[in-house]
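Hi,

Here is the structure I promised to pass on.

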Amino acid sequence: MKKSIITFENNQSDIKIKKFQIRKALKNALKAVVETEGVPFPVLVETVWVSKDEIAQTNNSFRQIDRPTDVLSFPLQSFNPSDAERFSSVPDWEFEASDKLTLGSIILCPEIAIEQAAQYGHPFEREYIYLTVHGLLHLLGYDHEVECDKVIMRKKEEIIMDKLGLSEKLYK
């Protein structure tokens with residue numbers, strides 16, 4: 001099977017970053033999510049890091065919430081995570097332009113990720129990877145608006161972070 005791809009674009013200048021290290025971590029996060037979820041085909045995901053101001057504007061534009069947030073996801077597909085056959089219903093035309101299925105985009109604010117990492121007592125790397133995993137699960141149809149869905153999504157996040165060697169238990 002061909003490899004899935006996660007792109008990375010840094011559109012902020014407030015936080016100095018190591019692009020190679022971040023790209024590798026994002027690639028590993030995508031691989032862990034795809035394997036855990038049993039996605040049977042290669043996927044393409046865009047990740048963009050933005051400033052606090054930009055994510056606040058985007059959050060207000062798309063969710064009518066006038067404040068910054070840590071991560072936003074914009075799925076291009078509609079998956080129901082409780083449907084065991086959810087990946088078999090993807091139409092062939094979705095793959096016409098590429099051999100990969102484009103899942104969507106994740107917008108992340110590293111400044112907020114740094115604040116949250118300090119608050120939770122773990123490294124910045126763990127926080128941005130967690131937020132990426134969180135965003136990827138949203139692209140695959142998971143949500144946390146209702147308590148029962150939140151429990152399921154959090155459990156998935158835990159399993160994936162454990163696979164990545166970044167279990168929350170390591171930092172407590």
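Below are the notes on the sheet, the helices and the pockets.

Some ground rules: this is a predicted model, where local features need pLDDT of at least 70 and side-chain atom pairs count only at pLDDT 80 or more, while totals for chains, interfaces and linings use all residues. Residues are numbered from 1 along each chain as its sequence is written, and side-chain values use heavy atoms, with hydrogens and water left out.

**Sheet.** There's an open sheet of 4 strands in the order S1-S2-S4-S3, with mixed pairing. Strands here are DSSP runs of E, at least two residues, and helices are runs of H or I, at least four residues, both numbered from the N terminus; two strands pair if DSSP finds at least two bridges between them. S1 (5-10) and S3 sit at the edges with a single partner strand each, so one side of each has no neighbour in the sheet. From one strand to the next, the twist averages 15 degrees (angles run from 0 to 180 degrees between N-to-C directions, and axes are lines fitted to C-alpha atoms, for helices over the stretch in contact). S1 pairs with S2 (residues 43-49) in the parallel sense over 6 bridges, and Thr7 stands opposite Glu46 in S2.

**Helices.** H1 (residues 19-37) lies across S1 and S2, at about 145 degrees to S1. H4 also packs on the sheet, touching S1, S2, S3 and S4 (101-108), and its direction makes about 140 degrees with that of S4. Contact means heavy atoms within 4.5 Å. H3 and H4 pack at about 115 degrees with their axes 8 Å apart. On the H3 side the contact uses Pro110, Ala113, Ile114, Gln116, Ala117 and Tyr120, and on the H4 side Phe124, Glu127 and Leu131. By class, that makes 7 nonpolar, 1 polar and 1 charged (nonpolar is Ala, Val, Leu, Ile, Met, Phe, Trp, Tyr, Cys and Pro; charged is Asp, Glu, Lys and Arg; the others, Gly among them, are polar).

**Pockets.** A pocket is an open set of points on a 1 Å grid over the protein atoms alone, where a 1.4 Å probe fits, with protein on both sides within 12 Å along at least five of seven lines; lining residues have an atom within 4 Å of a point. The largest pocket holds about 830 Å³, a volume being the space filled by probe spheres set on the points, which are joined across faces, edges and corners. Its lining has 31 residues, with Tyr130, His134, His144, Arg154 and Glu157 nearest the centre. H4 gives the largest share of that lining, 6 residues.

Cheers
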